[in-house]
Amino acid sequence: LCDQEPELLNHLLLQCSFSKQVWYSILHAIGMACLCPDGHVSWAQWWLASRIKVPARRRGGFDTLVLLVSWNIWKEQNSRFYNRGSSAVE
């Protein structure tokens with residue numbers, strides 16, 4: 001997605017400039033910008049550490065959001081690789 005580093009799972013889903021922008025846009029929109037990924041932790045470590053900070057009644061929704069956003073980032077990478085197309089982050 002960013003052509004800056006090998007697209008290993010953690011880079012692709014958290015550390016890539018495209019992915020960071022996606023996470024910020026979505027988490028900011030729902031008032032959870034403080035949970036944006038930073039540093040070089042693994043995707044699973046970030047998810048587990050973040051979900052603890054979410055109120056218990058909202059964790060199911062947060063978990064769903066993390067999985068859906070991650071899946072869409074993965075799909076975008078595949079689209080760019082196989083179809084040579086791209087989408088903009090909005």
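The largest cavity holds about 30 Å³ of space, where a cavity is a set of points, on a 1 Å grid over the protein atoms alone, at which a 1.4 Å probe fits but cannot get out, and where a volume is the space filled by probe spheres set on the points, joined across faces, edges and corners. This is a predicted model, in which local features need pLDDT of at least 70 and side-chain atom pairs count only at pLDDT 80 or more, while totals for chains, interfaces and linings use all residues. Residues are numbered from 1 along each chain as its sequence is written, and side-chain values use heavy atoms, with hydrogens and water left out.

**Cavity**

- Searching the whole structure turns up one cavity of 30 Å³ or more.
- Leu14, Gln15, Lys20, Pro37, Asp38, Gly39 and Val41 line the largest cavity, lining residues being those with an atom within 4 Å of a point.
- This lining comprises three nonpolar, two polar and two charged residues, with Ala, Val, Leu, Ile, Met, Phe, Trp, Tyr, Cys and Pro counted as nonpolar, Asp, Glu, Lys and Arg as charged, and the others, Gly among them, as polar.

**Helix 3 and helix 4**

- The axes of helix 3 (residues 43-52) and helix 4 come within 10 Å and cross at roughly 155 degrees; axes are lines fitted to C-alpha atoms over the stretch in contact, with angles from 0 to 180 degrees between N-to-C directions, and helices are DSSP runs (H or I, at least four residues) numbered from the N terminus.
- Helix 3 and helix 4 are therefore roughly antiparallel to each other, a term used for angles over 145 degrees.
- Residues of helix 3 including Trp43, Trp46 and Trp47 meet residues of helix 4, among them Phe62, Val66 and Leu67, contact meaning heavy atoms within 4.5 Å.
- By class, the contact of helix 3 with helix 4 has seven nonpolar, two polar and three charged residues.

**Helix 2 and helix 4**

- Helix 2 (residues 17-29) and helix 4 (residues 59-83) have axes that come within 11 Å and cross at roughly 145 degrees.

Terms used: On a 1 Å grid over the protein atoms alone, a cavity is a set of points where a 1.4 Å probe fits but cannot get out, and a pocket is an open set with protein on both sides within 12 Å along at least five of seven lines; lining residues have an atom within 4 Å of a point. Helices (H or I, at least four residues) and strands (E, at least two) are DSSP runs, numbered from the N terminus. Angles under 35 degrees count as roughly parallel, over 145 as roughly antiparallel, 65 to 115 as roughly perpendicular and the rest as oblique.
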